[in-house]
Amino acid sequence: MQRIPEEKIDEIRSQVDIVDVVGNYVQLKKQGRNYTGLCPFHGEKTPSFSVSPEKQIFHCFGCGKGGNVFSFLMQIDGLSFVESVKKVADLAHIPLDVAISQGDSSPGNKPDSQESKMIEIHQLASKLYHYLLMETEEGQEALQYLLDRGMSEQELDHFEIGFAPAHASTVTTFLKKREVDLALAVESGLLTERDDGEVVDRFRNRIMFPIKNDRGQLVGFSGRLFNQEDGPKYLNSPETPIFNKRNILYHFSDARQEIRKKEEILLLEGYMDVISSVSATFSNGVASMGTSLTEEHVQMIRRVTNRAIICYDGDRAGIEASFKAGTMLAEQHRLEVFVLQLPNGKDPDDFIRSEGAEKFAEIYTHQRLTWTAFKLQFFKRNRNLQNETDKIAYLGEALAEIGKLDQAVERELYLKQLGSEFDLSMEALKQQLQQTVVVKPKPHDYGGPPPESYGEYPGYEGDGGPVYEQFSFAQPSGVPSAGLTSEKRLLKYMLEDRDAFIQIRNLLEEHQTDFYHDNYKALYTHLIGFYASGNDANPLALMDQLKDDMARNLVSELEMMTVNTDVSIEEYQDYVQSLTKSSIERDIKEKEQALLTATQQGDIPAALELARTITTMRATMKNTPN
């Protein structure tokens with residue numbers, strides 16, 4: 001068994017653009033030389049996540065995470081280093097013509113986890129369910145039911161829909177023959193254990209919808225009744241280490257590219273709605289797992305788009321669910337939201353099957369309601385507008401919503417609609433509106449130090465901070481000290497130039513000084529070993545060898561810095577002297593604290609000695625060039 005040669009890793013890394021890979025997980029916007037977006041590793045409302053196509057790295061100025069294309073996949077998908085290399089190789093269509101052992105010692109490698117084994121078990125079961133539906137007499141009734149509903153065999157194959165027979169041990173026996181750990185299958189939610197200890201199938205006599213997570217891994221099922229009334233209509237996998245309804249949207253991993261292409265996501269209620277929307281060429285459709293939209297769902301959506309189209313069922317429950325979801329998306333998370341209301345209260349699946357894809361496309365494209373228009377309709381529900389009390393209450397709600405709008409043209413439009421509907425003058429409506437308009441802060445107000453304080457980061461040249469669409473870029477907090485700035489710049493030069501490393505190391509030894517901050521000192525130690533192994537300057541290759549996340553994050557932060565490339569040894573010397581001066585300043589502060597303690601305790605000899613030492617140190621610092 002062989003390890004992946006470094007040359008092969010370099011080849012794979014060089015053939016894939018990190019922007020394309022990260023773009024599958026994060027909605028990125030071009031900003032100067034880099035791309036920015038909302039960080040996928042921590043919740044934020046203002047983008048602080050940056051990807052550099054020039055450096056082929058990513059870094060978040062909010063949480064500090066950073067790295068190259070391999071470390072991004074390791075962190076976002078929970079992969080080992082070897083697994084991430086495999087995934088990037090697949091994206092680049094590069095064959096890995098080497099055998100990789102489970103015990104491979106490449107950076108970050110780990111044996112198959114219990115979670116990955118659970119996913120493999122679900123993949124086996126999914127193939128069995130699909131075979132039973134499409135190829136057996138036992139699955140014929142379920143197959144005919146689906147065909148009668150208008151589904152094609154191509155759709156059944158594409159979505160890998162299957163059938164679970166009524167027998168208690170179909171899947172259990174199948175897994176036993178393949179020597180699968182049944183206890184793990186129980187823990188994964190596929191099987192269940194009876195009170196007497198017998199292990200049996202969880203899903204029986206149901207049409208089976210495989211459920212994938214946002215990484216495209218099969219993690220659960222939803223089984224639908226089709227020929228009986230007993231039991232819930234849909235039975236989902238239970239909560240397991242790999243399956244949690246709060247962070248799963250059906251079809252999300254397959255829809256991601258189309259969502260990015262259309263720049264909007266279509267939110268639906270059910271699996272059949274999603275399947276029908278895909279057949280109608282709207283492959284950006286997803287559905288929650290029979291639950292209301294959650295914060296986790298919203299974070300997934302925000303990574304790939306700022307616009308959501310809600311198309312829930314047209315019944316009372318669906319309209320209320322649309323209002324609840326839209327409120328979360330538009331008002332709590334400030335996404336652009338539209339709502340589709342299908343005629344006669346139909347759900348999307350029924351409408352597309354009966355009226356056709358073209359009619360659905362017409363409503364989707366030309367009859368979508370803005371979020372404000374939908375809310376104005378929603379507020380009319382359960383009100384008798386012939387009653388003066390209800391009418392006044394409705395007008396108050398409507399004006400409050402219109403008052404929240406940023407654009408004067410929008411406010412004018414909806415005021416005219418209200419005026420026409422209720423025979424009211426624009427003057428009266430505008431006068432009432434003035435009492436309800438909410439004064440909101442400018443969307444790009446910055447807190448903290450002024451942007452010009454951050455000139456060494458790309459995009460910050462005193463222009464007030466980059467602004468584009470709904471995004472503003474979060475600023476780093478605080479102004480770094482002279483010593484910290486010197487440490488950063490010295491490490492930056494050493495990362496990118498082997499000769500600079502040698503010159504700076506000699507200066508550090510000559511001045512008998514070192515890096516003060518632990519992370520910087522650790523990275524310096526890694527650099528010594530990296531260059532001692534005969535490597536040329538290569539920050540991306542260094543990242544692959546760093547097992548310490550903090551060190552990898554620091555490399556990405558330094559790589560994002562913009563510094564003078566035409567630098568002399570005299571400039572290196574200035575930075576090293578700055579380290580020396582900062583070290584003396586810290587020592588003086590310690591001695592001053594000790595002097596205060598000695599004075600308070602009446603230890604005169606110690607106090608005199610400390611005072612002489614402090615005087616000498618101050619003289620030394622004074623003679624140290626700035």
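**Cysteines and positive-phi residues in a predicted model**

His-93 is exposed, at 71% relative accessibility (exposed means over 50% relative accessible area, buried under 20%, partly exposed in between, with a 1.4 Å probe and protein chains only). This is a predicted model, in which local features need pLDDT of at least 70 and side-chain atom pairs count only at pLDDT 80 or more, while totals for chains, interfaces and linings use all residues. Residues are numbered from 1 along each chain as its sequence is written, and side-chain values use heavy atoms, with hydrogens and water left out.

**Positive phi**

- Most residues other than glycine have a negative phi.
- His-93 is not a glycine, yet has a positive phi of about 55 degrees.
- The loop that holds His-93 runs between helix H4 (81-91) and helix H5 (114-135); helices (H or I, at least four residues) are DSSP runs numbered from the N terminus.
- Asn-382, also not a glycine, has a positive phi of about 65 degrees.
- Asn-382 lies in the loop between helix H16 (371-378) and helix H17 (388-402).
- With a relative accessibility of 65%, Asn-382 counts as exposed.

**Cysteines**

- A disulfide is a covalent bond between the sulfur atoms of two cysteines.
- The count of disulfides is zero, where a disulfide is taken as a pair of cysteine sulfur atoms within 2.5 Å.
- For Cys-63, the closest cysteine sulfur is that of Cys-60, at 3.7 Å, so the two are too far apart for a bond.
- Cys-63 is partly exposed, at 33% relative accessibility.
- Cys-311 is buried, and its relative accessible area is 0%.

Terms used:
Helices (H or I, at least four residues) and strands (E, at least two) are DSSP runs, numbered from the N terminus.
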